[in-house]
Amino acid sequence: MPLARSWRGLVAAGFVGLAVSPAWGQDPDEAALEDQWVIGNLVFLAYHEVGHLLLDQIVQADQRGNRLQAEQSADDIATWLISPDPAEEIESSEAVAAIGGWLEMADAGDDVGAAHLPDVDVYPDAVTRASRIACLLFGSDDSEPNAFAPLEAVAALRFEVADCRQTYLSLDEGMEELFGDADDIGDQPVARVRVQYDSVGPALAEAREFLIDSSVLDALREDLVEYIGLPVDVLLRGAPCGRESPGFVYNPSRREIVACYEEVDWYLFGEPENGAAGAEQDAAAADGLGARPRRIPPRPPPPPPSSNPRRQ
Ligand SMILES: [Zn+2]
């Protein structure tokens with residue numbers, strides 16, 4: 001397992017002190033930690049798309065007019081919705097997993113030489129996305145010492161740490177406004193949310209299975225219906241997105257959030273080697289608001305089961 005493929009990517013990058021956290025290095029179940037990291041990243045991407053969904057269906061914002069701003073807002077909404085309470089273990093939080101995920105992506109060089117990233121200009125770069133999540137988490141706690149102090153160095157990569165508190169408070173105010181009408185959910189849920197998992201060929205079967213087992217979409221459905229409580233109408237669909245998978249994507253006209261199996265596969269197994277060419281692109285992916293620059297080539301079908309390398 002590459003070192004960066006866990007929250008320990010933060011440690012490797014010198015941001016979080018391994019020595020001060022006894023949990024590190026003592027956890028007997030490496031695979032469970034790895035799965036938790038993958039799930040944390042998937043949760044962030046799903047809530048990023050919830051950001052686009054809320055901006056579309058509740059705020060009725062023009063997201064295509066200023067994509068960069070829309071992408072940052074979607075990240076901010078995701079961070080606010082999944083940010084851990086300062087009292088929680090930050091190492092195991094989904095938002096911190098996402099910081100590690102963006103830093104890993106930056107590490108992999110996806111911010112440069114972007115010939116295969118046609119949408120790269122409409123997204124903040126990966127380091128900025130990691131840094132902003134860290135800044136917002138750092139700014140969310142005004143106690144002394146700050147519960148998110150280990151993230152300060154990541155926040156400082158792109159932002160003035162002294163301003164993070166105000167950045168968080170502005171976001172918090174905006175979110176309170178957004179959710180202002182949602183405090184009385186009662187027995188009459190106003191959200192219409194369905195979950196569906198499209199079938200897929202053998203190359204992405206394990207990714208589909210992982211997504212189902214992770215309950216990321218089912219938990220999101222519950223969150224939208226039971227807790228967020230705004231009148232949204234959306235299908236949460238696991239699906240193969242084909243060529244140039246956008247990660248996860250929200251499609252306003254189809255009212256769908258698509259969790260691309262290619263993205264789950266990428267977090268589980270890394271970059272596909274010898275990516276297959278010519279896969280059909282899913283219609284929802286072609287015209288949606290994605291989670292990151294398009295970049296994942298389709299994985300070719302696996303060899304026969306006897307020699308199929310499994311994730312360690
Ligand atoms: Zn987006």
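Strand S2, which spans residues 233–239, is largely enclosed by the rest of the structure, because five of its seven residues are buried; this description, like everything that follows, refers to a predicted model.

The pairing of S2 involves two strands, S1 and S4. Strand S1, residues 192–197, runs parallel to S2 and is joined to it by six bridges, one of the pairs being Arg192 with its partner Asp233 in S2. Strand S4, residues 256–260, also runs parallel to S2, and five bridges join the two; here Leu235 has Glu256 of S4 as its bridge partner. The table sets out the two pairings.

| Strand pair | Bridges | Direction |
|---|---|---|
| S1 (residues 192–197) and S2 | six bridges | parallel |
| S2 and S4 (residues 256–260) | five bridges | parallel |

A separate feature is the packing of two helices. Two packed helices are described by the angle between their axes and the distance between the axes. For helix H2 (residues 30–57) and helix H9 (residues 216–228), the angle is about 45° and the axes lie 10 Å apart. Angles under 35 degrees would count as roughly parallel and those from 65 to 115 as roughly perpendicular, and H2 and H9 are therefore oblique to each other. Their crossing is right-handed. On the side of H2 the contact is made by Ile39, Leu42, Val43 and Ala46, while H9 contributes Val216, Leu217 and Leu220. Sorted by class, this contact of H2 with H9 comprises seven nonpolar residues, with no polar and no charged residues.

Key:
Residues numbered from 1 in each chain as written. Predicted model: local features only at pLDDT ≥ 70, side-chain atom pairs only at ≥ 80, totals over all residues. Buried ≥ 20, exposed ≤ 12 C-beta atoms within 10 Å, placed from the backbone. Helix = DSSP H or I, 4+ residues; strand = E, 2+ residues; numbered from the N terminus. Pairing = 2+ DSSP bridges. Axes fitted to C-alpha atoms, helices over the stretch in contact; angles between N-to-C directions. Parallel < 35°, antiparallel > 145°, perpendicular 65-115°, else oblique. Left-handed = near helix turned anticlockwise from the far one by under 90°. Contact = placed C-beta atoms within 7 Å. Nonpolar A, V, L, I, M, F, W, Y, C, P; charged D, E, K, R; others polar.
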